[in-house]
Amino acid sequence: MYRKFKGVSIFTGIEMLPAGMVLVTTDDGTIESLIPEKEAGDNIEILDGILVPGFINCHCHLELSHLKGYIPEQTGLVDFVFKVVNERHFAEEIIIHAIKTAENEMYNNGIVAVGDICNNTFAVTLKEKAKLYYHNFIEASGFPPSVAPQRFQRNVDFYNFYSEKLTSNSIVPHAPYSVSPEMFRMIDSFPGNKIITIHNQEIAAENELFEKGTGDLLRMYEKMNIDISFFKPSGKTSLQTYLPYFTKEQKIILVHNVATTEADINFAKLQSQAFNSNIYYCLCPNANLYISNILPDVNLFAAYPDNIVLGTDSLASNSQLSILAELNILHRNYPSLDYANLLQWATLNGAKALGIENTFGSFDKGKKPGVVLINRDVAKRIL
């Protein structure tokens, strides 16, 4: 049996089709074809809105869902991180309940796959039975070089636990300001790390730290009693300092990019060519507004439309887990952006970044990407 859907328009994952096309799927959501309405026969479901493949959320912290509304808005990154690190420890049952609720929210908002940051194993049982596809990014951190071996072994233990139950996992760095060169090298050499992600240039102070050894991040180390007397600034931006540590052929998802410059993008392009890697820029605009009330210069990245993806970040830094909400805030703040390009960032690009484009991201025959209806500011999952 087949199902047939006709919206106001259909976005395939690559392009917006002209009016009058029908999407045909099997009952289980496998794509059969895209055909003109006059060839589709009877029993067409007429829907008010744009039909799109399911959304890909390339950056989420599902394990922080219990912090929704807990951290005040616009405190700046340093105070936000300090509160997350020191006040995230709730009872396990509260955390697990919040994770389940958040996953249901993502599912209902049309998200089909997630790149999820993991610092514990609370969500593993849920993910074994998940409605969504997950790539689990086991997050490594530890700025003093002396802690690297012990911290990294903990990450390896988490990775092994995840890998016994789930198939798609990586060990990844938290951020340039929280990972030592020693730990970067351990991450780069770890077998199976085909997809890497990192919080990149979320604030200008991150660049200031690496360029001059000054700035607001010093206050964070002081608040956390972290001795950084070992640290010597490189005289370069954070991206230009750490990116050369990645020496493998892999996908690298750079998240936030608020203080990324054109020079950084050009540097990343050269690194990508040197190591045959694929670099993606993940935008999480609602989180940027929540934490610091600053957006990245999206026009810088728009010249590379195949390399942009979207994420929601966490409910600690966002009021909702909705890729459509991220897409809409970009469209409102950068009205010159082509809407079809934004939809590609939210679908096919994200699927490619997570290495799942054979199943998700577009309405190609044989795929099972999910079907979502966009009606104004609401996304509704159809299949």
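Asp364 is partly exposed in this predicted model, its relative accessible area being 40%. Its side chain meets that of Lys367 in a salt bridge, with N and O 3.5 Å apart. Lys367, by contrast, counts as buried, because its relative accessibility of 9% falls under the 20% cut-off.

Another of them joins Asp188 to Lys248, whose closest N and O atoms lie 3.4 Å apart. Here distant parts of the chain are linked: Asp188 sits in helix α5, while Lys248 lies in the loop between α8 (238–242) and β12 (251–256), 60 residues away. Asp188 is buried at 9% relative accessibility, and Lys248 is partly exposed at 36%.

A salt bridge also connects the side chains of Asp216 and Arg219, at 2.8 Å from N to O. Asp216 has a relative accessible area of 34% and is partly exposed; Arg219, at 31%, is partly exposed as well. Both take part in a network of salt bridges that also includes Asp79 and Lys223.

Buried in α4 are Ala148, Phe152, Asn155, Val156, Phe158, Tyr159 and Tyr162. These residues lie on the same side of α4, because they cover an arc of only 165 degrees around the axis. Their cover includes β8 (111–118), α3 (124–128), β9 (133–140), β10 (169–173) and α5 (181–189). On the other side of α4, Pro149, Gln150 and Glu164 are exposed.

Methods: Residues numbered from 1 in each chain as written. Predicted model: local features only at pLDDT ≥ 70, side-chain atom pairs only at ≥ 80, totals over all residues. Heavy atoms only, no water. Buried < 20%, exposed > 50% of the residue type's maximum accessible area, 1.4 Å probe, protein only. Helix = DSSP H or I, 4+ residues; strand = E, 2+ residues; numbered from the N terminus. Arc of directions from axis to C-beta. Contact = heavy atoms within 4.5 Å. Salt bridge = Lys/Arg side-chain N within 4 Å of Asp/Glu carboxyl O.
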